[in-house]
Amino acid sequence: MKQFDNKRKNKISITISFIILLGFIVTVAINTISYDAIIREDIKNISKLSSSNIYSEINNELIKPIFVSLTMANDSFLKGWLESESVGEPDSEELIEYLDGLKLKYDYNSVFVISEKTKDYYHYKGVHKTIDPSDLHDQWYYNFIESGKLYELDVDVDEAQGNALTVFVNCRIEDENNQLMGVVGVGLEMKEVQGILGLFEDSYDLESFLVDQHGMVQVHTNNQLIESYNINEDETIRSFTDDIFANKTTLKTYRYNENGIDGYLITRYIEDLDWTLMVKKDTSILRRALYAQIGEVLIIVFIVILLVLLISNNVIKGFQDKMLVISKTDELTGLMNRRGFNQVLYESLKSGEMKETCFAVFIIDIDNFKNLNDQFGHLLGDKIISLLATHASKALKNQGIVSRWGGDEYVGIIYEDIETATQILSNMQESIAKDPDFGEYSVSISIGITASKHTDTPDIVMGRVDKGLYQSKEMGKNCISVV
């Protein structure tokens, strides 16, 4: 019999090894034949990771100074100071202190205001200059006024800050009759924005930059290309420019060929900046990486096949154990799932009946979770679910278990009397209320709790905690109901 078992194990090992080898050969063939499909999928992921993340980071970095400039343009002190120029010479020190205060508050590279009446350029350090239409460096002011725009972004050197390359946000100041009083704005040093692009370029091995609606590069990690490189002059991109600038809503991908190297251009318009984000990805690197990976996998697979002949039985057993764990674990939170909890609850009720001991069973529901999902998206919803799981695990420590029941609901057992268990859950509610990650979105939880009875079945005890949760919801949410 033992000899028969060994032969059977060897047969299983050989069969598994053959399947692995055959699967590897088929996989290599499919990967090689479907290389173009792999590239398309990779570009899709790059588009999401790079373009979306860069878009978000650029918004965070540049939208804030726009709002600051717009706020300054409507500031009553600033308007009052400029109006006082018509009746005399106001105290310039007050204005300089105002600008210096904003510089300290927001830590921008530059904070300035230009009076339309006197053409004086006030900087947070003092009066920088009087602008002159004959000065080429001052042409931006007259061009901006002539454009009629409420605000614009302008890339230029900051004369008042040692000619540092800067992204300026210029904003009109108008009186009650919509008459021009001047221009106010802030300046963000170019290296701050370049740092965002550089981080993604290093992480994903790509090139990213921002262009205005004329195709001129405004932000690039290479300073020599800023306001000198125009995509309309690039043979690989020029054929796409009309479509790129016509698209104001969606992310788009274009295939290009540059010096024999295939690649993709991913673009997205940023409305508030009136600039277009462009991401270039060289796909030839992926081809070389794929072939290198195939070679590495080939070596590894042959080694694995030899090892499988010796340890296949242990592998099968370990796989079975792992699948059992996975089947009882929630993927998002790492907590026990509904199937696992039902088993623990059944065993706990059975043990409690035999030992004549009781414990508490509870259910937690996130209040208004659907509204949170609808307003902020499922990614935030998943984050809230994971954070609540962490809070619940810490609150229970070694006194019980918590599991994800489904959606935004959690259930658990606390091996204490009902009073102690209720206090533990109340403490958890307090910790959630103090957590800024929850407070930012006004997250609260409703709880139903009950003490187990010797005559309980899982359905009966869960029916009671569901009733308690319903009562908490009826009482206005964010509370605990004991049933």
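Reader: Why is Asn-398 called exposed?

Author: Asn-398 has a relative accessible area of 83%. Buried means under 20% relative accessible area, exposed over 50%, and partly exposed in between, with a 1.4 Å probe and protein chains only. At 83%, Asn-398 therefore counts as exposed. One caution before we go on: this is a predicted model, where local features need pLDDT of at least 70, side-chain atom pairs count only at pLDDT 80 or more, and totals for chains, interfaces and linings use all residues. Residues are numbered from 1 along each chain as its sequence is written, and side-chain values use heavy atoms, with hydrogens and water left out.

Reader: Where does Asn-398 sit?

Author: Look in the loop between helix H11 (378–396) and strand S13 (400–406). Helices (H or I, at least four residues) and strands (E, at least two) are DSSP runs, numbered from the N terminus. The protein chain has 14 helices and 16 strands.

Reader: What makes Gly-468 buried?

Author: Its relative accessibility is 0%, so Gly-468 counts as buried. You'll find Gly-468 in helix H14 (residues 458–474). Leaving out residues up to four places away in sequence, Gly-468 touches Ile-447, Gly-448, Ser-481 and Val-483; a contact here means heavy atoms within 4.5 Å. Ile-449 is 19 residues from Gly-468 in sequence, with 6.1 Å between their C-alpha atoms.

Reader: How much of the chain is buried, and how many of its contacts join residues at least 24 apart?

Author: Of the 483 residues, 42% count as buried. Among contacts between residues at least 6 apart in sequence, 59% join residues at least 24 apart.

Reader: How do you know that Lys-473 and Asp-365 form a salt bridge?

Author: A salt bridge is a side-chain nitrogen of Lys or Arg within 4 Å of a carboxyl oxygen of Asp or Glu. For Lys-473 and Asp-365 the N to O distance is 2.6 Å, so the pair falls inside that cut-off. Lys-473 lies in helix H14 and Asp-365 in strand S12 (residues 360–366), so the pair ties together parts that are 108 residues apart in sequence. Lys-473, at 24%, is partly exposed, whereas Asp-365, at 10%, is buried.

Reader: What makes Lys-129, Asp-135 and Asp-138 a network?

Author: Those residues are linked by salt bridges. Lys-129 pairs with Asp-135, the closest N and O atoms being 3.1 Å apart. Lys-129 also pairs with Asp-138, at 2.9 Å from N to O. As for cover, Lys-129 has a relative accessible area of 17%, so it is buried, and Asp-138 is buried too. Asp-135, at 28%, counts as partly exposed. The structure holds twelve salt bridges.

Reader: Which residues form the nonpolar patch?

Author: Phe-18, Ile-19, Leu-22, Val-26 and Ile-30 do, with about 480 Å² of accessible area together. Areas come from the Shrake-Rupley method with a 1.4 Å probe; for residues, only the protein chains shown count as cover. Phe-18 is in helix H1 (residues 2–33) and, at 53%, is exposed.

Reader: What stands out about phi in Asn-368 and Ser-442?

Author: In Asn-368 phi is near 55°, a positive value in a residue other than glycine. Ser-442 also has phi near 55°. Asn-368 lies in the loop between S12 and helix H10 (369–376), and its 41% makes it partly exposed. Ser-442 lies in the loop between helix H13 (436–439) and strand S15 (445–451), and at 64% it counts as exposed.

Note on methods:
Patch = residues over 30% accessible without salt bridge, like charges linked within 9 Å, V, L, I, M, F, W, Y side chains within 5 Å.
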